[in-house]
Amino acid sequence: MKRFIAAGIACLMLTGCGNGSSSQESESSSQLPDYILALANDGYDCDLTQLNSNMMYGQIFDMVNNYEPYMGLSVRVKGNFQYYKDPAGKDYFSVFIPDAAQCCNQGIEFVLKGEHTYPDDYPQIGDEITVTGTFNAYDEYHAIYCQLLDAEIVSVVPAGGNTNETQTN
C-alpha cells in the first residue's frame, strides 16, 4: 500500500512539472495561454477595461513581470494618467492602476503615436484615461520596462470630475 501511495505522489509531482503544452504548441508563437485569450474583447487582444480593479492590478503585475507572452498584443487599459521626467530629462507617460485598497499602483508606460508635446497634448496628472496600444518591453538602465507603443488616449475623465466631461482625443 505504501508503494502505491508513493507511486501516486511521484506521478502527481511529475505531472505538476512543465506547462502542459506539447512541443508543437510551444514552438508556435500564435498559441497564447488561455488566461491571455480570455482577455480578448472588442478587437483587442488584451482588454483590461473589463476587469475590476483587483483583477486589473493583478493582470498588469503579470504583464510587467511575465512580459514575453504579451509582446506585440493590442492592449486597452484604463487608469490614472501619470508623468515623470528622469534626471537625464527624458519624459515618461504612463497609466497607473491602483489596487482595491488604493495603497499600491501598477502601471504601464505608453508612447503616443505621432508628435506630441507635454503638457499641451496630454491630460492632467491624475485624470482617468483609457489608452490603447501595442505591448512592448525594452531594456533601459539595466532593467526591463513595459510600454504600449503607437498608443492612443481614447478617453479622458478629469480627476474628481464628472463623466459628462469626458473628452475623446
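Is Cys46 buried or exposed? Cys46 counts as buried because its relative accessibility is 0%, where buried means under 20% relative accessible area, exposed over 50% and partly exposed in between, computed with a 1.4 Å probe on protein chains only.

The structure is a predicted model, in which local features need pLDDT of at least 70 and side-chain atom pairs count only at pLDDT 80 or more, while totals for chains, interfaces and linings use all residues. Residues are numbered from 1 along each chain as its sequence is written, and side-chain values use heavy atoms, with hydrogens and water left out.

A search of the whole structure finds 0 disulfides, a disulfide being a pair of cysteine sulfur atoms within 2.5 Å.

Glu109 belongs to strand S4, residues 105–112, strands being DSSP runs of E with at least two residues, numbered from the N terminus. The side chains of Glu109 and Tyr138 are, however, joined by a polar contact of 2.5 Å. Beyond its neighbours within four places in sequence, Glu109 is in contact (heavy atoms within 4.5 Å) with residues including Tyr92, Tyr138 and Cys146.

Val156 is placed in strand S6, residues 143–157, and its C-alpha atom is separated by 6.6 Å from that of Asp127, 29 residues apart along the chain.

Conventions
Helix = DSSP H or I, 4+ residues; strand = E, 2+ residues; numbered from the N terminus. Polar contact = N/O pair within 3.5 Å; in protein donor to acceptor, adjacent residues only side chain to side chain.
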